[in-house]
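I opened the model today and kept notes as I went. Here is what I looked up.

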Amino acid sequence: MRYDRNDLNKAFISHAPGYWAADPPEEWHDYTWQLKNRINSLSQIEEHLTLCDEERSGILLSGTKLAMSITPHFFNLIDEADPEDPIRRQVIPRIEETWYDESDMADPCGEDSHMPVPGLVHRYPDRVLFLVTDRCAAYCRYCTRSRVVSGAGEQELETDYEAAFRYLEENRGIRDVLLSGGDPLLFSDRKLEKILERLHRIPHIEFVRIGSRVPVFLPQRITPELCRMLQKYHPLFLSVHVNHPRELTLEVKEGLERLANHGVPLGNQSVLLRGVNDDVETMKTLIHKLLMCRVRPYYLYQCDLIQGSSHLRTPVSKGIEIIEGLRGHTTGYAIPQLVIDAPGGGGKVPVNPEYVVHRDAKRIVLRNYEGKLFEYPEPNLPQSAPLEPAALLP
Ligand SMILES: *Cc1c(COP(=O)(O)O)cnc(C)c1O
């Protein structure tokens, strides 16, 4: 079957194998083969793809910053004929990563200053971010944690597991733990289970979630054994990270369905990236495909001010324009919340199109998705005077 470019985005296509096959071919489906055969050098990549000068220099320089590493599965999604391919832009370094932008920061979300224990970010009162590893299946060029991730940079993630577990046990206000890194699904089933098991024993922890791009970079890792293990630790949620509809291949869909069939509720966090997903049509196709994979779009992030990402960042107005192009025009379930992770450590702040045209004590005037105006009268309550506690008494 042949697809035009639009259909190619919409269809769940099996891309295994494209540029090259495993030998013997069955190995393609083995995640350890995918990991062992990741592309992480200039010579390897040039065997399969013609690079431009910007990419060639970017790859040579990536060894001292954020390493390059691409699974064969993800690499095969690159459309060789398109130098602006949205898959390519996410994982192949470019010389622009060495550009200096005065807004750039090494730790844009102020995580290092919110770590009571190495590897545990405690910013919000009731939940923590637990950085369990510094490795991923592949490296996103706009990684918000590039200062510690991949092992190529100067800073190291020195997670103190024992101290982290003790902190979680002692702080009874923490009810939600988010496992991230790096990518927790790179751990063996046994190693990951040890962490989940330990968290499960802490009575005040109500909810655990995993942030992972493994279902997208390495769908072969989502084995029935892994899913059966995860199933023992409910409620367990998983947030994936898909940016472009073409990342949702048949293999990825099957992995996501397997997780969902084992009771794992799925969300997606996208990063808004210039030349990747910064238009309404691409984003709409993406979120529709996500729903078909039983994944609920959760956040759309304005790209963090991470060093070397200025060429991938969009104006904030672009994100607002995209949300406006979705709200009312498609399924509410499909629409993510646009957020900016406030530079310096303010946490995630929602950013929304303005639908309130006017508001006073008597009424609110609203604009709908078609631009039509509607008025909602406020209830006729004596609300001008603040309510005194005495007024609540009979
Ligand atoms: C994103 C994040 C969380 C989780 O935030 P939610 O809005 O609950 O998804 C928790 N802690 C830190 C430090 C984070 O960056």
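Helices (H or I, at least four residues) and strands (E, at least two) are DSSP runs here, numbered from the N terminus. Before anything else, I noted that this is a predicted model, where local features need pLDDT of at least 70, side-chain atom pairs count only at pLDDT 80 or more, and totals for chains, interfaces and linings use all residues. Residues are numbered from 1 along each chain as its sequence is written, and side-chain values use heavy atoms, with hydrogens and water left out.

**Entry 1: Leu-66**

I went to the loop between helix 4 (53-62) and helix 5, where Leu-66 is found. For burial I use relative accessible area: buried is under 20%, exposed is over 50% and partly exposed is in between (1.4 Å probe, protein chains only). Leu-66 has 4% relative accessibility, so I put it down as buried. Next I listed its contacts, meaning heavy atoms within 4.5 Å. Leaving aside neighbours within four places in sequence, Leu-66 is in contact with Tyr-139, Cys-140, Arg-141, Cys-143, Ser-146, Val-149, Ser-150 and Ala-152. I also checked one C-alpha distance: Leu-66 and Tyr-139 are 73 residues apart along the chain, and their C-alpha atoms are separated by 7.5 Å.

**Entry 2: aromatic pairs**

I then searched for ring pairs. Rings of Phe, Tyr and Trp (its six-membered ring) pair if their centres lie within 6.5 Å; planes under 30 degrees apart are stacked, over 60 edge-to-face, and the rest tilted. How many aromatic pairs does the structure hold? I got seven. One of them is Phe-74 with Phe-217, edge-to-face, at 4.7 Å centre to centre and 90 degrees between the planes. Phe-74 lies in helix 5 (residues 72-75) and Phe-217 in helix 9 (residues 214-217), so this pair ties together parts that are 143 residues apart in sequence. Phe-74 is buried at 0% relative accessibility, and Phe-217 is buried at 2%.

Tyr-298 and Tyr-299 have ring centres 4.0 Å apart and planes at 25 degrees, so I logged the pair as stacked. Tyr-298 is partly exposed at 32% relative accessible area, whereas Tyr-299 counts as buried at 18%. I also found Phe-130, Tyr-161 and Phe-165 linked into a cluster by ring pairs.

**Entry 3: charges over rings**

My test for a charge over a ring was NZ of Lys or CZ of Arg within 6 Å of the ring centre and within 35 degrees of the ring normal. Arg-127 lies over the face of Tyr-124, 3.9 Å from the ring centre. Lys-191 lies over the face of Phe-187, at 4.5 Å from the ring centre.

**Entry 4: the ligand**

Which residues surround the ligand? Taking a residue as near when one of its heavy atoms lies within 4 Å, I got Val-121, Arg-123, Tyr-124, Arg-127, Leu-129, Leu-178, Arg-209, Tyr-298, Tyr-299 and Lys-348.

For polar contacts I took pairs of N or O atoms within 3.5 Å; within protein, one must be able to donate a hydrogen and the other to accept it, and residues adjacent in sequence count only if both atoms are side-chain atoms. A side-chain N or O atom of Tyr-298 is 2.6 Å from an oxygen atom of the ligand. For the side chain of Arg-209, the distance to a ligand oxygen is 2.8 Å. A polar side-chain atom of Lys-348 lies 3.0 Å from an oxygen atom of the ligand. The ligand has 390 Å² of accessible area on its own, and the protein covers 90% of that. Those areas come from the Shrake-Rupley method with a 1.4 Å probe; for residues, only the protein chains shown count as cover.

**Entry 5: helix 7**

I looked along helix 7 (residues 161-170) for burial, and Ala-163, Ala-164, Phe-165, Tyr-167 and Leu-168 are buried. Their cover includes strand 1 (120-124), strand 2 (127-131), strand 3 (176-180) and helix 8 (189-200).

**Entry 6: Glu-247**

Is Glu-247 buried or exposed? It is buried, with a relative accessible area of 0%. I found Glu-247 in the loop between strand 5 (236-240) and helix 11 (250-261). Its side chain makes a polar contact with the side chain of Arg-213 at 2.8 Å. Beyond neighbours within four places in sequence, Glu-247 has contacts that include Phe-74, Leu-77, Arg-213 and Val-252.
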